[in-house]
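Here's a quick walk through one protein model. Have the viewer open and follow along.

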Amino acid sequence: MLYVFEMANNHMGSVSHAKKIIDAFALLSKRKKINAGIKLQFRNLDTFIHPDFQQRDDLKYIKRFNETKLSRDEFKEIVNYIKASGLLAITTPFDNESIPMSDELNIDVLKVASCSIDDWPLLEELSNINKRIIIS
């Protein structure tokens, strides 16, 4: 059995805050002796959000995505910390542009979001990657 701890954007755009979350999940995982991983969400915001809406602070999710945006290097640091903590690195790529980053960062497991279950271009590209995939 695999337990998936969801981080989503709860890192608040901060690597140090993400590490605190990872530490708590790693401790829980060790105490309960469970096989677990932490799931991040990858979105290429430059293409995921239409250019006409990228600066819209009145739209809840766009505001949240922009406020919690992390660079590739910041994600790399978080992924390395997850793995060093004894957990699996898991991600949900929400767009095709985010799939290569999952591969580059050596993510252990990919998860297809329920909202992407009929996103055939995304599913086809994911099927070309030799990784474990969770579909919900």
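## Ground rules

This is a predicted model, so to speak of a local feature takes pLDDT of at least 70 and side-chain atom pairs count only at pLDDT 80 or more, while totals for chains, interfaces and linings use all residues. Numbering starts from 1 along each chain as its sequence is written, and side-chain values use heavy atoms, with hydrogens and water left out.

Five parallel strands make up an open sheet, ordered 1-2-3-4-5. Strand 1 (3–6) and strand 5 sit at the edges, each pairing on one side only. On average, neighbouring strands are turned by 30° against each other, direction ignored. Strands here are DSSP runs of E, at least two residues, and helices are runs of H or I, at least four, both numbered from the N terminus. Two strands pair if DSSP finds at least two bridges between them.

Strand 2 (residues 36–42) and strand 3 (residues 88–93) run parallel, joined by 6 bridges. Phe 42 faces Pro 93 of strand 3.

## Helices on the sheet

Helix 4 (residues 72–84) packs on the sheet, touching strand 2 and strand 3, at about 170° to the direction of strand 2. Helix 1 (residues 15–32) lies across strand 1 and strand 2, at about 160° to strand 1. Contact means heavy atoms within 4.5 Å; axes are fitted to C-alpha atoms, for helices over the stretch in contact, with angles from 0 to 180 degrees between N-to-C directions.

Ile 133 belongs to strand 5 (residues 132–135). Its relative accessible area is 35%, so Ile 133 counts as partly exposed (buried is under 20%, exposed over 50%, partly exposed in between).

Notes:
Buried means under 20% relative accessible area, exposed over 50%, partly exposed in between (1.4 Å probe, protein chains only).
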